[in-house]
Amino acid sequence: MSKKALITGIAGQDGSYLAELLLDKGYEVHGIIRRESLEDKEHKLANISHILDRLQLHVCSIDNHLLVYKVISQVRPDECYHLAASSFVSYSFDDESSVLSNNFNSTHYLLSSIKELCPKCRFYFAGSSEMFGDAEVSPQNENTKFNPRSIYGIAKLASYHLVKNYRKQHGIFASSGILFNHESPRRGYEFVTKKIVSSAVKISMGLSDTIELGNIDALRDWGYAKDYVKGMTMILAHHEPDDFVLATGELHSVKDFLDISFSLLNLDYKKYLKINKSYIRPAESIPLVGDYSKAYKELGWKPTKGLKETIEEMVEYEIAKIKGSFV
């Protein structure tokens, strides 16, 4: 009998790659989606449109305990990957209530339902490097002190501790992946990396003539999404539940990302860049860069694709997408 996997955030970048990977492994794959996604399949479900006939989707608001309980009761998954989150990182604390509700309560509802209905289910929680926030040391690993600066990071950290509590107090196989930034052609347009690639391609095609960004000296640890999704499955396949940092251990600036993206199109980004001070967010005094040595030692996981190769794939995808819109 096939294993059953339930994925929250299945239509997102990571969720869609994870669904493909699990299907290839012979899993019966279930996903939770919002009702509005069914009403706008072309856009909201674009990442999984090619595998829709192989998925079993459940309409559910994951901040509603009863609805989550009903889905868990119906599916009885062997593995649950909790990837859905309000992922836009705000430093203004303007919308803290909904971010906390979506990101913490949903984790609680899933774990409590699993504990009651299918306690043998293995649970994966998508942590974030934002939990380190204003870090005291670099690089960061599983033993680094957390110091989140955003409400997103705070909510993720609260969920991380909840996962540990269910693991220790209730015996649930619950693990967290503390993932650093990872990119792909399926990255959402609200992220600076996708904005850079999309703008570069549009400029190369004469569809735009500028790109507005904030601090281009900001540093990030950027990996490739498919590598990180594979890491998620390796974390749940481990002989015991635990927490793992997944990262590349390499730092690149937004300027580097710009230069690579535009250079691939034989363009000089300096001719098109405008700095918008309103986009500038507080800089880290110590850069966020991950130490994945534990994942390598215990899981055999390591990143396989470099930043330039990742950007090349993103650029090729964007060119094909824009050309396709004119057909």
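The following legends describe close-up views of a predicted model.

**View 1. The stacked aromatic pair of Phe132 and Phe146**. The count of aromatic pairs in the model comes to eight. In the pair formed by Phe132 and Phe146, the rings are stacked, at 5.0 Å centre to centre and with 25° between the planes. Phe132 and Phe146 each lie in the loop between strand E5 (122-128) and helix H6 (151-170), so the pair ties together parts that are 14 residues apart in sequence. Phe132 counts as buried, at 0% relative accessibility, and Phe146 is buried with a relative accessible area of 17%. Ring pairs link Phe132 and Phe146 with Tyr160 and Phe180 into a cluster.

**View 2. Charged ends over aromatic rings**. The charged end of Arg187 sits over the ring of Phe191, 3.8 Å from the ring centre. Over the ring of Tyr189 sits the charged end of Lys194, 4.9 Å from the centre of that ring.

**View 3. The buried and exposed faces of helix H4 (residues 65-75)**. Val68, Val71, Ile72 and Val75 are the buried residues of H4. Seen down the helix axis, these residues fall within an arc of 95°, so they line one face of H4. Their cover includes strands E1 (4-8), E2 (28-33) and E3 (56-59), together with helix H5 (96-117). The exposed residues Leu66 and Gln74 are carried on the face turned away from the buried side.

**View 4. The two ends of helix H4**. At the start of H4, a side-chain oxygen of Asn64 reaches to within 3.1 Å of the backbone nitrogen of Leu66. Arg76 follows H4 and has a positive phi, near 50°.

Key: Residues are numbered from 1 along each chain as its sequence is written. This is a predicted model: local features need pLDDT of at least 70, side-chain atom pairs count only at pLDDT 80 or more; totals for chains, interfaces and linings use all residues. Side-chain values use heavy atoms; hydrogens and water are left out. Rings of Phe, Tyr and Trp (its six-membered ring) pair if their centres lie within 6.5 Å; planes under 30 degrees apart count as stacked, over 60 as edge-to-face and the rest as tilted. Helices (H or I, at least four residues) and strands (E, at least two) are DSSP runs, numbered from the N terminus. Buried means under 20% relative accessible area, exposed over 50%, partly exposed in between (1.4 Å probe, protein chains only). A charge sits over a ring if NZ of Lys or CZ of Arg is within 6 Å of the ring centre and within 35 degrees of the ring normal. The arc is that of the directions from the helix axis to the C-beta atoms. Contact means heavy atoms within 4.5 Å. A polar contact is a pair of N or O atoms within 3.5 Å; within protein, one must be able to donate a hydrogen and the other to accept it, and residues adjacent in sequence count only if both atoms are side-chain atoms.
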